[in-house]
Amino acid sequence: METTTRQHLETRIVHAGRDATDRTGALVPPIHLAAAFSRESLDVAPAFVYSRRGNPTRRALEDALAELHEAEHCFAFGSGMGAVSGAAMLLKSGQTVLLPDDVYTNTHRLFTSLLPGHQIDPHFVDMTDATHVEAALAGRDVGMIWLESPTNPSMKVIDIAAVAAIGRRHGIPVAVDNSYCSPYFQKPLDLGADIVVESTTKYLNGHDDLMGGTVLVNDGALAERLAMIQYVGGAVPSPFDCWLLLRGMKTLALRMERQQASALAIARYLAGHPRVAAVRYPGLESDPGHAIARRQMTGYSGMIAFEVRGGAEAARRVVNAARLFQRAGGLGGVESLISYPIVGSGASQAGTAMAPSSALVRLSVGIENVEDLLADLRQALAT
Ligand SMILES: *Cc1c(COP(=O)(O)O)cnc(C)c1O
């Protein structure tokens, strides 16, 4: 379909991911389980050689993800962290990475526990003010600026275009972890970022039944290195997981519209609740990140962070009292989830300057009826 880039995203999602090698007309791509592909002759370059390097089902997925992000190149990985690690392999020893002071726990762990052993060091910055990023470059050999927006778990909004402009001025690649938004609500490459990383486990798949990740770039030189990292590093997804993700992605638009509509209603409810001290949801006009979010996002997704009055004990009580919201990690699926980041995802930051508040509760709003979700929060907050 040559005209696809002119169609709306929700239309393209439904039709993306056909297998280009398929001659049967199948609406759904087959799952190619072959580990290796036979070649006609040593003189003819084959489309596929070995599945770690390239596989038709994975190719269908990568083409679909590239289409959604309007990216030139896409690389699928076996998990979001596989993708984060893959992007981090672009760094060289001796370099520093700038990171936001609130960042997904395992990204924090990678940059503070594993990579320093390879002489790659993190430097944390409050990126909600982009001038802090510029200031942090002085006197450092910064090899990459890494950010996520909104941040996990505190929902801080970072101006991606402003940080990307700083990166461009200094010739430093800017990587954006877009797991909280999916391409349906935010396209970092359009905003000037060089690298997009996404945990496809989250919104893109949306059904909590696979692990996956992706790295997307427009730049040919970055793509060449990422192709090597994917092929030689080997953190590739199985053909079955690629197929499952293609299936999950088809309903991305419907799910995300529902999730953000319910999340906005829930955020408004929480903002008016006497037992709630603060709510972070970029869709609220009162949110400190609202103006930037409006500029760079086309929707606000289904993630909410709120602080319970009464500190850690009160927050734990609310989480434990939930009946419909499931106490589970992960996010972005059809089921609504409630989590207490300080013991779960915020654990590695606990006790540090970047620890999330001990009263912080995180919600991933699913696609259930919003009245049922509100009723569950009402009873949980009453305990
Ligand atoms: C979940 C998550 C990841 C890691 O993805 P996995 O698929 O769980 O490995 C990375 N970044 C963010 C922002 C996430 O929420």
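In the predicted model, Phe240 and Trp243 both belong to helix 9, which spans residues 239-249. The two residues are 3 residues apart, about one turn of the helix. Phe240 is partly exposed, with a relative accessibility of 42%.

Aromatic pairs were searched for across the whole structure, and 5 were found. One of them joins Tyr184 and Phe185, whose ring centres lie 5.0 Å apart. The planes of these two rings meet at 50°, so the pair is classed as tilted. Both partners are buried: Tyr184 has a relative accessible area of 10%, and Phe185 has one of 1%. The rings of Phe240 and Trp243 form a stacked pair, because their planes are at 20°, under the limit of 30 degrees. The centres of the Phe240 and Trp243 rings are 6.1 Å apart. Another aromatic ring, that of Tyr104, has Lys202 over its face, at 5.3 Å from the ring centre.

The model also contains an open sheet of 5 strands, arranged in the order 8-9-12-11-10 with mixed pairing. Strand 8 (276-280) and strand 10 (326-327) are the edge strands, each pairing on one side only. Strands in a sheet are paired through backbone hydrogen bonds, in either a parallel or an antiparallel sense. Strand 8 pairs with strand 9 (residues 303-308) in the antiparallel sense, over 4 bridges. Ala305 in strand 9 is the bridge partner of Arg280.

Helix 12, formed by residues 311-321, lies across strand 9, strand 10, strand 11 (337-339) and strand 12 (360-364). Helix 12 runs at about 130° to strand 9.

Technical notes. Residues are numbered from 1 along each chain as its sequence is written. This is a predicted model: local features need pLDDT of at least 70, side-chain atom pairs count only at pLDDT 80 or more; totals for chains, interfaces and linings use all residues. Side-chain values use heavy atoms; hydrogens and water are left out. Two strands pair if DSSP finds at least two bridges between them. Contact means heavy atoms within 4.5 Å. Axes are lines fitted to C-alpha atoms, for helices over the stretch in contact, and angles run from 0 to 180 degrees between N-to-C directions. Rings of Phe, Tyr and Trp (its six-membered ring) pair if their centres lie within 6.5 Å; planes under 30 degrees apart count as stacked, over 60 as edge-to-face and the rest as tilted. Buried means under 20% relative accessible area, exposed over 50%, partly exposed in between (1.4 Å probe, protein chains only). A charge sits over a ring if NZ of Lys or CZ of Arg is within 6 Å of the ring centre and within 35 degrees of the ring normal.
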